[in-house]
Amino acid sequence: MTDQRSQAEIVRQSLKRRYRKERRFRAYGILAIAIALSALVVLFTDIIGKGYTGFTKTTITMEVNLDGEMMYLDDATDEKQMKMADFVEPLLQALIKQVPGATEENREAVRDLLNPYASNELREMLQANPDWLGTTQTLTVLAHTDVDVYAKHAGDSAYSIKLSERQQQWVDQLIEKGVVQTSFNDVFFTSGDSRDPSRAGILGAVVGSLLTMIVTLVLSFPIGVAAAIYLEEFAPQNKLTDFIEVNINNLAAVPSIIFGLLGLAVFINLFGMPRSVPVVGGLVLTLMTLPTIIISSRAAIKSVPPSIREAAEGIGASKMQVVLHHVLPLAMPGMLTGSIIGMAQALGETAPLLLIGMVAFIVDVPGGFFESATVLPVQVFLWAGSPELAFIERASAAIMVLLAFLVSMNALAIGLRKRLERRW
Amino acid sequence: MQPANLLLLTIVLSMVAYGLGYARSRSLAMPMGGIRYLKSLPFYYGARAALWCGIPALIVLGLWAAFQGKVIQTLVISSLPQEMLPASEGRASLLLSKISNVANGSLPPGFAEAPILEAAERLKALREQSRLFMSVLVVSVSVLAGFLGWIRVRPAANARTQVEAILKWLFFACAALAILTTVGIIFSVALETFRFFQLIPFTEFFFGSQWSPQTALRADQVAAQGAFGMIPLFTGTLLISAIAMLVAVPVGLLSAIYLSEYANKKVRSVVKPLLEMLAGIPTVVYGFFAALTVAPFISDFAASMGIDASSQSALAAGGVMGIMIIPFVSSLSDDVINAVPQTMRDGSLALGATQSETMKKVIFPAALPGIMGGVLLAVSRAIGETMIVVMAAGLAANLTANPLETVTTVTVQIVTLLTGDQEFDSAKTLAAFALGAMLFLATLLLNVVALKIVRKYREQYD
């Protein structure tokens, strides 16, 4: 009897300690979730903090006297003259007028505030409006990258300011006068890559991604759905079927870079396809996403209740008719959802594309499936490797665009599932 | 015609064949008293004609387009004069690119020797011929087969079973593509690996502790013969994966336990998708974060403590990789924990154990094999992960266990060896494939073992 009581006593005494342990264990769980979620928050704030300035550009707005004599140009419609004409001088003269204390002697220093591309901008404007020649116009041109960096990050010690003291004072005064302004960076969305950060954009990469994704979708969706139908509905129970299933499961877990090696050895070296084109990229990503699509499509087919099949068979449909007329339409929402998620995965994929040469520096926006191109994540990789912080800023901005695409694709998948999902 | 246009043409021809087959079956049926006297519906006669018209033509087109480039290259090279014949494959590809540049007009003819110009002309002619032959062949195959399909439209023919059989074979071919992909992977890495081991002895690769793949490009160049010992790469990969696992396993496991045992439905429905968001972020973004934020932070922090840390430390790459793998571990363990029968939980609670005791002493041991399987899958993810390490880990192959130093990994080396200029015969390029083969084998092994464990475990409680 005494023994019994002491047992209860022991339990009671230990309860406090055990409850403490319980609370501690719970706290560990909350801590783990907090760590994971704070990593997510830190990641997002870091990228947004680094990149939001990438969405603005710095421009110079001023009155430019388009004097024909100064530009060695007397007819703006003449192609040959336009090629030879001097488009820097009018901009430079206009800017010197704006900068207090600047004279002809320090024209070099003033010229360094203008973007090297500004003269091209002026040429294009004049080509569009030949009658501007000889008049004075208020024009807006891009500022030099160094001015851009200074205007955005003057106080930031991480950025090295390349402007001289005097130039910095000038820019300060110009900002005060409203000559140097920051505005929405349309260049970022309308041009391809460039060596000059202020002129670098993501359009080329976005189009490249789009072309690659089209190839991937057109190939992987029908093939994946067909394979899923075969495995779920027609495959006999034999060794070959088992072997196919083992292969699919393993391929789903093979590192993506291995698919890059496959693409390099088979598509490029064996078939002699060109490097760094969207078609090869799309083929490689197709092989990579196929297992995902097959697995999710099979799950979708499995979820169609047998009563549907039995009803169709009961009124005399053949096996193929049952599948194509009844099972497939009912499984389609699930298949689409899985495919969109697979596409999102492929859109963010980088490693295999590096191996098939989609890392080249490409200025032009690709015009077709067989033209050299790069994709958005590879563009991020290229810019992130640059020592110039102005490119890092753009890499962050490109990441935001990429994440926006991925989030909207996933939202689409979830929305589709919610709208079309049927509970049996 | 371009292959793409030819593809469109074949599709159009198939549609025409469908229409003709459909119409013919109807017109044959009319005098008999309606389509119910046909063996199959008119749709199937049309579909059969379309499939006959399209499939053989597409197969021919695909094969031709895949192999014409290589065949033309070989023909052009072999027609060069004796003294110009390239000595190695690397030279051949150089010569070929020169020839095709001349042929495309991107290299002015003045810059090339006479035999090159001739070869360029031949290349152009061969390309033209090939395109012509291909167009004629594809169109005639398609028209001929389509005609056959049309002729065979007879009321007694059972077109439906034939169409269904063809479709079934097509579906099978799509499923068999998985085997073909695996074969392609094995073929592409095994062949080059075999050639690599002809150049570099087996023992050096597996037991050498030096990795410096820079070999001399020309025979007369004074340069060190590269060293190809994979031990530093192997240990580097293991170090980074171990760091990743140290982050991912406790955090992932504990959050899975909390979410499945303690959290109410509301918390679960918010936290779970947020955790899964971590898995949806592209790896290049993690690489960016690791290289530009975490790595400088770690080296600054270490410097302020008076420790020397590299700016490309293994800790940064491994830590960020761990964050990436958290959702992977947590969702797998979540499944496994949920698969433990409720009766075990109830039994333990009824005996007076607290929830944490139930978890630690009953559920966790029961779920352990499944969790181990999940962890193994996560390890295979970690060693195959590429972008984070390419961006945040270094290139120097140090043999060290210090997480603050720079190490390199197998995947980093594959990427560095294969991007940039390459020569297809050099040991350097082949080494990348040998490393790829090792990576493939290692991940395959881990996956097979892990899947086996998980499956066995599932059967236990089903």
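Is the crossing of helix 1 of chain B and helix 4 of chain B left-handed or right-handed? In this predicted model, the crossing of these two helices comes out right-handed. The pair is formed by residues 3-32 (helix 1) and residues 114-151 (helix 4) of chain B, packed at an angle of about 15° with axes 10 Å apart. Angles under 35 degrees count as roughly parallel, so helix 1 of chain B is roughly parallel to helix 4 of chain B.

As for who touches whom, helix 1 of chain B brings B:Leu6, B:Leu9, B:Thr10, B:Leu13, B:Ala17, B:Leu20, B:Gly21 and B:Arg24 to the contact. From helix 4 of chain B come B:Met134, B:Ser135, B:Val138, B:Val139, B:Ser142, B:Val143, B:Gly146, B:Gly149 and B:Trp150. Sorted by class, this contact holds 10 nonpolar, six polar and one charged residues.

Next comes the meeting of the two chains. Here 66 residues of chain A are in contact with 71 residues of chain B. On the chain A side, helix 1 (residues 2-51) gives the most, putting in 17 residues. The side of chain A that touches chain B is made up of 51 nonpolar, 10 polar and five charged residues.

Chain A also carries a domain annotation. An unreviewed UniProt entry lists residues 206-413 of chain A as "domain: ABC transmembrane type-1". In the model, that stretch of chain A is 77% helix and 0% strand, and the C-alpha atoms at its ends sit 21 Å apart.

Methods
Residues are numbered from 1 along each chain as its sequence is written. Chains are lettered from A and ligands numbered from 1 in the order in which they are written. This is a predicted model: local features need pLDDT of at least 70, side-chain atom pairs count only at pLDDT 80 or more; totals for chains, interfaces and linings use all residues. Axes are lines fitted to C-alpha atoms, for helices over the stretch in contact, and angles run from 0 to 180 degrees between N-to-C directions. Helices (H or I, at least four residues) and strands (E, at least two) are DSSP runs, numbered from the N terminus. Angles under 35 degrees count as roughly parallel, over 145 as roughly antiparallel, 65 to 115 as roughly perpendicular and the rest as oblique. A crossing is left-handed if the near helix is turned anticlockwise from the far one by less than a right angle, and right-handed if clockwise. Two residues are in contact if their C-beta atoms, placed from the backbone, lie within 7 Å. Ala, Val, Leu, Ile, Met, Phe, Trp, Tyr, Cys and Pro count as nonpolar, Asp, Glu, Lys and Arg as charged, and the others, Gly among them, as polar. UniProt positions are given in the numbering used here, feature names are shortened, and annotations may be inferred rather than shown by experiment.
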